[in-house]
Amino acid sequence: MKKALIIVDYQYDFVAEDGKLSAGEAARNIEHHLVKLIEDFNSDGNYSGVIFTYDSHNIKDFTENSHPEGKVFPPHCIYGEKGYGYYGKLKNYEEKPDSNILLLSKRGYSLNSDIISQLVDKYNDFTFAGVVTDICVFQNVIAFYNCACNKDKPIKITVDTKGCASFNPEREQECLKYMKEVLGVEIL
């Protein structure tokens, strides 16, 4: 199986204590596990790729109400600002990515459907981790699942909860339950 590790939005604004929409200590506590996942994928003989997603906004998304998220959340992950970049040790991979790390930005909760389609064509085993579990991790899992269904392509999806965090633990648990019971996702 061709494996891909997808680290969702481990960006400063979602993780740092002074991040604009931080999942707080829970997000900072998963950093070492995310590094371990990346290293494990790099040393796995079946390793295929690591993907970092970026929530990507411009200030107009929030000042001109031109983007749906601007109606729900405060300004965050503004391209070119400190809050946009990856946090902590994962920033090292971002600044000096090896040939196996793909950096992908997204304007909504999930990656663009064309990009997802290309990834589903290339890989058949996806492990998701990152923040926020019940928003962007959840939406990406659903998008990958639906893409694979529409292509009649069997894929395996795993969510590694040791590498996930949320600012709403109750909703996080509801989403994990949904992914397991409705989508058949393996929850670690």
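This is a predicted model: local features need pLDDT of at least 70, side-chain atom pairs count only at pLDDT 80 or more; totals for chains, interfaces and linings use all residues.
Colleague: At what angle do the axes of H7 and helix H8 cross?

Modeller: The axes of H7 and H8 (residues 169–183) cross at roughly 15° and come within 9 Å. That makes H7 roughly parallel to H8 (angles under 35 degrees count as roughly parallel, over 145 as roughly antiparallel, 65 to 115 as roughly perpendicular and the rest as oblique). Axes here are lines fitted to C-alpha atoms, for helices over the stretch in contact, and the angles run from 0 to 180 degrees between N-to-C directions. Helices (H or I, at least four residues) and strands (E, at least two) are DSSP runs, numbered from the N terminus.

Colleague: Which residues in H7 and H8 meet?

Modeller: Among them, Phe138, Val141 and Tyr145 are on the H7 side, with Leu176, Met179 and Val182 on the H8 side. Contact means heavy atoms within 4.5 Å. The residues of this contact divide into 11 nonpolar, 1 polar and 3 charged (Ala, Val, Leu, Ile, Met, Phe, Trp, Tyr, Cys and Pro count as nonpolar, Asp, Glu, Lys and Arg as charged, and the others, Gly among them, as polar).

Colleague: And how do H6 and H7 pack, at what angle?

Modeller: H6 (residues 113–122) and H7 (residues 133–150) pack at an angle of about 65°, and their axes are 9 Å apart. That makes H6 roughly perpendicular to H7. Their crossing is right-handed. H6 brings Ile116, Ser117, Leu119 and Val120 to the contact, and H7 brings Ala143, Phe144, Cys147 and Ala148. Those residues divide into 7 nonpolar, 1 polar and no charged.

Colleague: New topic. Which residues touch the most other members of the largest nonpolar core?

Modeller: Of its 60 residues, Tyr10, Phe52, Phe128 and Phe144 touch the most other members. A nonpolar core is a set of buried Ala, Val, Leu, Ile, Met, Phe, Trp, Tyr and Cys residues joined through side-chain atoms within 4.5 Å. The largest share of this core, 9 residues, comes from H7.

Colleague: What is Phe128 in contact with, leaving aside neighbours within four places in sequence?

Modeller: The list includes Ile6, Val8, Val137, Phe144, Ile157 and Cys164.

Colleague: How about Ile7, where is its place?

Modeller: Ile7 sits in strand E1 (residues 3–8). At 0% relative accessibility, Ile7 counts as buried (buried means under 20% relative accessible area, exposed over 50%, partly exposed in between, with a 1.4 Å probe and protein chains only). Beyond neighbours within four places in sequence, the contacts of Ile7 include Leu34, Phe52, Tyr86 and Ala129.

Colleague: Last topic, the backbone. What kind of peptide bond joins Val131 and Val132?

Modeller: A cis one, with omega about -10°. Val132 is in the loop between strand E4 (125–131) and H7. Most residues other than glycine have a negative phi, and most peptide bonds are trans.

Colleague: What is the phi of Asp9, and what about Asp152?

Modeller: Phi of Asp9 is near 50°, and Asp152 has a positive phi of about 55°. Asp9 lies in the loop between E1 and H1 (12–15), and Asp152 in the loop between H7 and strand E5 (156–165).

Colleague: Is Asp152 buried or exposed?

Modeller: Asp152 is exposed, with a relative accessible area of 70%, whereas Asp9 is buried, at 0%.

Methods. Residues are numbered from 1 along each chain as its sequence is written. Side-chain values use heavy atoms; hydrogens and water are left out. A crossing is left-handed if the near helix is turned anticlockwise from the far one by less than a right angle, and right-handed if clockwise.
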